[in-house]
Amino acid sequence: MIHILVADDDKNTRLLLRAVLEAENYTVSTAADGMEALEILDREHVDLVVLDVMMPNMDGYEFTRTLRENQNNLPILMVSARQMPADKHQGFLVGTDDYITKPIDEQEMLLRIRALLRRARIADERRIVVGDVIIDHDSMTVTGHGKTQELPQKEFMLLYKLLSYPGKIFTRIQLMDEIWGVESETGWETVTVHVGRLRKRFEGWEEFEIVSVRGLGYKAVKKV
């Protein structure tokens with residue numbers, strides 16, 4: 001699932017954008033300013049940021065500049081009520097990827113997000129190939145070793161998330177929030193249960209492995 005972070009100091013705007021994006025099956029986190037957005041990035045994997053310019057504590061320009069100075073190329077769609085060319089120029093100079101003005105045209109925003117994700121080659125990654133194994137997002141199947149397995153949704157999404165970022169460590173809480181949702185009442189222990197099921201299902205497969213990282217969480221390792 002593609003994870004989008006919305007940073008805007010207006011609560012109603014955050015709620016609206018969350019609803020619009022979730023209706024398109026994106027996973028959404030929200031922040032009230034740039035500082036809170038940076039904190040979210042520290043603990044969660046995010047694929048794209050929809051970023052308001054005028055925010056307290058850390059505005060959109062400073063947030064973008066901070067990311068780019070740290071060699072973070074996360075796609076950013078900057079949103080502002082400011083419509084002067086100089087404001088847009090400043091946004092692009094600090095490193096935003098695209099810029100739209102308020103009031104937000106929801107359809108335009110969605111189209112711009114899809115374009116940014118396409119450029120980042122995130123939205124098009126619907127299949128993961130590891131050696132002779134194919135993990136197909138659309139059918140939720142794993143094909144390899146002469147058979148095709150259709151996995152339960154949560155098992156598949158867990159495997160797909162880990163193999164999308166081989167070597168990256170995800171905490172159990174991160175995986176819980178992204179796959180089961182932040183509103184879920186299920187405990188993080190269910191992640192451990194699902195990892196156990198995946199390990200048993202693919203026991204003996206030499207192409208990949210789900211590795212426990214003591215005290216942190218899990219990561220996927222590609223072996224071919």
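K161 counts as buried, at 7% relative accessibility; buried here means under 20% relative accessible area, exposed over 50%, and partly exposed in between (1.4 Å probe, protein chains only). This is a predicted model, where local features need pLDDT of at least 70 and side-chain atom pairs count only at pLDDT 80 or more, while totals for chains, interfaces and linings use all residues. Residues are numbered from 1 along each chain as its sequence is written, and side-chain values use heavy atoms, leaving out hydrogens and water.

- K161 sits in helix α6; helices (H or I, at least four residues) and strands (E, at least two) are DSSP runs, numbered from the N terminus.
- Setting aside neighbours within four places in sequence, K161 is in contact (heavy atoms within 4.5 Å) with M1, H45, F170, L175, E178 and I179.
- T190 belongs to helix α8 and is buried too, with a relative accessible area of 15%.
- Beyond neighbours within four places in sequence, T190 is in contact with M176 and W180.

**The cores**
- A nonpolar core is a set of buried Ala, Val, Leu, Ile, Met, Phe, Trp, Tyr and Cys residues joined through side-chain atoms within 4.5 Å.
- The largest one has 27 residues, and I135, V142, L159, L162, L175 and F202 have the most contacts inside it.
- Elements that each supply at least two residues of this core include β6 (127–130), α7 (172–180) and β12 (217–222).
- Helix α6 gives the most to this core, with seven residues.
- Apart from this core lies another, of 21 residues, among them A7, A37, M78 and Y99.
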